[in-house]
Amino acid sequence: MQDKIKLLLKEIGRPYEMFNDDGTYQGCFYPVQFLYPDKPKFRLRSNDDDKNYWYGMSKIKKYCTEIPVDDIYKAGDLIVTRFRDELHVAIFWEFGKIIHVFRGHSLQIGRLKLFKDYKVFRVID
């Protein structure tokens, strides 16, 4: 996983893109799709952020296992939160650092403490 993270870090500064070339949603899921390209991508269901939040969570729960927040230690764990009423997903990197992208911004390194309330998921191999 560390080798994949190193490759992802080379993408820092990559602009936010809403969709992949095939029309599936990318957005904040870009780092997840980068690290786990074998996991299915999904399509936005509507312009309703709430519906997209629950749809996105259903996909995460299908391919991941929720772990206690105190157990976060593994690079590649997913940090999932509701940010400005939208689903936001980040990748745990190390020592409280995350890799993520917000709408209108570029891929960046952030701090986990940015989020007040979040869940942690580990991708099922």
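R14 and E11 form a salt bridge, with their closest N and O atoms 3.4 Å apart. A salt bridge here is a side-chain nitrogen of Lys or Arg within 4 Å of a carboxyl oxygen of Asp or Glu. Side chains of opposite charge can pair when their charged atoms come close.

Before I go on, this is a predicted model, where local features need pLDDT of at least 70, side-chain atom pairs count only at pLDDT 80 or more, and totals for chains, interfaces and linings use all residues. Residues are numbered from 1 along each chain as its sequence is written, and side-chain values use heavy atoms, leaving out hydrogens and water.

How many salt bridges does the structure hold? There are five.

Back to the pair I began with. R14 is partly exposed at 22% relative accessible area, and E11 is partly exposed at 27%. The cut-offs are under 20% for buried, over 50% for exposed, and partly exposed in between, using a 1.4 Å probe and protein chains only.

Next, D50 bridges to R82, with closest N and O atoms 2.4 Å apart. D50 sits in helix 3 (residues 49–63) and R82 in strand 2 (residues 78–83), 32 residues apart. Helices (H or I, at least four residues) and strands (E, at least two) are DSSP runs, numbered from the N terminus.

Last, D77 and R122: their closest N and O atoms are 2.8 Å apart. Buried or exposed? D77 is buried, at 1% relative accessibility, and R122 is buried too, at 18%.

Finally, salt bridges with shared partners join E11, R14 and E17 into one network.
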